[in-house]
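The exercises below ask you to read a structure carefully, one step at a time. Please work through each task with the sequence and the model open beside you before turning to its solution.

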Amino acid sequence: MRGTSLNWNDLRFFLAVARAGTISLAGRRTGTDHATVARRIAALEQALGLQLFERNPRGYELTRHGEDILAMANVMETEAIRMEERAAGGRAGISGAIRISAPEGFGNFFLASRIGALAAAYPGLSVEMITIQQIVALSRREADIAVTMTPPPAGTFIVEQLTDYRLFVYGARDYLASQPPIRSRDDLAGCTFIGYVDDLIFTRALNYLGEIRPHLRARVQNSSLHAQLVATLSGAGLCVLPAYIARDEPDLVAVLPEQLSLVRSYFMVADADMAETSQVRLTRRFLRDLLEGTHDFFMGSIE
């Protein structure tokens, strides 16, 4: 039985919980504390006279009534966002948090120096970046958007290719000067290679060395791309590095660039249920715009 009138703002919290699955994550995304979210959900259920969620140890799951309300609330949110954006040049009503997961290379060497523009454009938005070396599960809401080298094989995701990028084998000038000349792939057998820790390679896209030369293995291993870069600059050996990272290091020289290069891709992935929320939609647009005209930057040069 209805005890209070409906507060339309409570639908915003309802949508956040329905998409996040937990009160705490919904609070982070809406920029409020979890107690406020729980209170607003309770108020909405009381106003409607319906139970919208089943509470369980895993979080909040929609009831049949909740599923019905979700369909209507999604339409209302879309129209409300359109009105707000039209009234204020596309920047009104954007608040809460957006969490972006990205590989270390893309996140630290490209996105980190550019992400401030997103925060500056939307003062009410908190921008979070995860650059740990692992696959983040969008389905478990560990991130809102993932930049990845390997698209998910299944699930309800929206996947867009952002860019290809090229990798070469690099060595420091002093290291190369101290070694016998490298004139072919066979000459690589006598070189020390730097690479990822074998049993911590979390995606096949990072397993480079077998493509450079069969049975090639890194003797100096590190889970961090930045640490591999530093080790290469110090003269510890050769390393496969993205060209857009090595381009800023004049002491690095590409080895046999006409023969030895790899191409990988970056994809942007979002859960379909979250893709049309205001934070995710504008961040996807921001990343697409950011990658416009960057083909030469990411593909490098063999000069």
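**Exercise 1.** Is the crossing of H1 and H3 left-handed or right-handed?

*Solution.* Before starting, note that this is a predicted model, in which local features need pLDDT of at least 70 and side-chain atom pairs count only at pLDDT 80 or more, while totals for chains, interfaces and linings use all residues. Residues are numbered from 1 along each chain as its sequence is written, and side-chain values use heavy atoms, with hydrogens and water left out.

Step 1: locate the elements, where helices (H or I, at least four residues) and strands (E, at least two) are DSSP runs numbered from the N terminus. Helix H1 covers residues 10–20 and helix H3 residues 34–48.

Step 2: take the geometry. Two packed helices are described by the angle between their axes and the distance between the axes. The axes are lines fitted to C-alpha atoms, for helices over the stretch in contact, and the angles run from 0 to 180 degrees between N-to-C directions. For H1 and H3 the angle is about 110° and the axes are 9 Å apart, and the two helices are therefore roughly perpendicular to each other. The angle classes are roughly parallel under 35 degrees, roughly antiparallel over 145, roughly perpendicular from 65 to 115, and oblique for the rest.

Step 3: assign the hand. The crossing of H1 and H3 is left-handed, a term used if the near helix is turned anticlockwise from the far one by less than a right angle, with right-handed used if clockwise.

Step 4: list the residues in contact (heavy atoms within 4.5 Å). H1 contributes Asp10, Leu11, Phe13, Phe14 and Val17, and H3 contributes Val37, Arg40, Ile41, Ala43 and Leu44. By class, this contact has 8 nonpolar, no polar and 2 charged residues, where Ala, Val, Leu, Ile, Met, Phe, Trp, Tyr, Cys and Pro count as nonpolar, Asp, Glu, Lys and Arg as charged, and the others, Gly among them, as polar.

**Exercise 2.** Describe how H1 packs with helix H2 (residues 23–30).

*Solution.* Step 1: the axes of H1 and H2 come within 8 Å and cross at roughly 125°, which makes H1 oblique to H2.

Step 1: the crossing of H1 and H2 is right-handed.

Step 2: on the H1 side the contact is made by Arg12, Phe13, Ala16, Val17, Arg19 and Ala20, and on the H2 side by Ile23, Leu25, Ala26, Arg29 and Thr30. Sorted by class, the contact of H1 with H2 has 7 nonpolar, 1 polar and 3 charged residues.

**Exercise 3.** How many disulfides does the structure hold?

*Solution.* Step 1: apply the criterion, a pair of cysteine sulfur atoms within 2.5 Å. The structure holds 0 disulfides.

Step 1: examine the cysteines. The sulfur of Cys191 is 13 Å from the closest cysteine sulfur, in Cys239, which is too far for a bond. Cys239 is likewise in no disulfide.

Step 2: check the surroundings, with buried meaning under 20% relative accessible area, exposed over 50%, and partly exposed in between (1.4 Å probe, protein chains only). Cys191 is buried at 11% relative accessibility, and Cys239 is buried at 0%.

Step 3: continue to the neighbouring loop. Thr192 is placed between helix H7 (173–178) and strand S7 (193–195), and counts as buried at 16% relative accessibility. Leaving aside neighbours within four places in sequence, Thr192 is in contact with Tyr175, Arg219, Val220, Ala236, Gly237 and Leu238.

**Exercise 4.** Are His215 and Leu256 buried or exposed?

*Solution.* Step 1: His215 lies in the loop between helix H8 (209–212) and strand S8 (220–221), and has a positive phi of about 70° although it is not a glycine. At 82% relative accessibility, His215 is exposed.

Step 1: Leu256 lies in the loop between S10 and strand S11 (261–271), and has a positive phi of about 45° although it is not a glycine. At 13% relative accessibility, Leu256 is buried.

Step 2: turn to Ala254, in strand S10 (residues 252–255), which is partly exposed with a relative accessible area of 25%. Not counting residues up to four places away in sequence, Ala254 touches Phe168, Val169 and Tyr170.

**Exercise 5.** What percentage of the 303 residues in the protein chain is buried?

*Solution.* Step 1: buried residues make up 48% of the chain, which has 12 helices and 11 strands.

Step 1: Helix H5 (residues 104–111) is mostly covered, with 6 of its 8 residues buried, namely Glu104, Gly105, Phe106, Gly107, Phe110 and Leu111.
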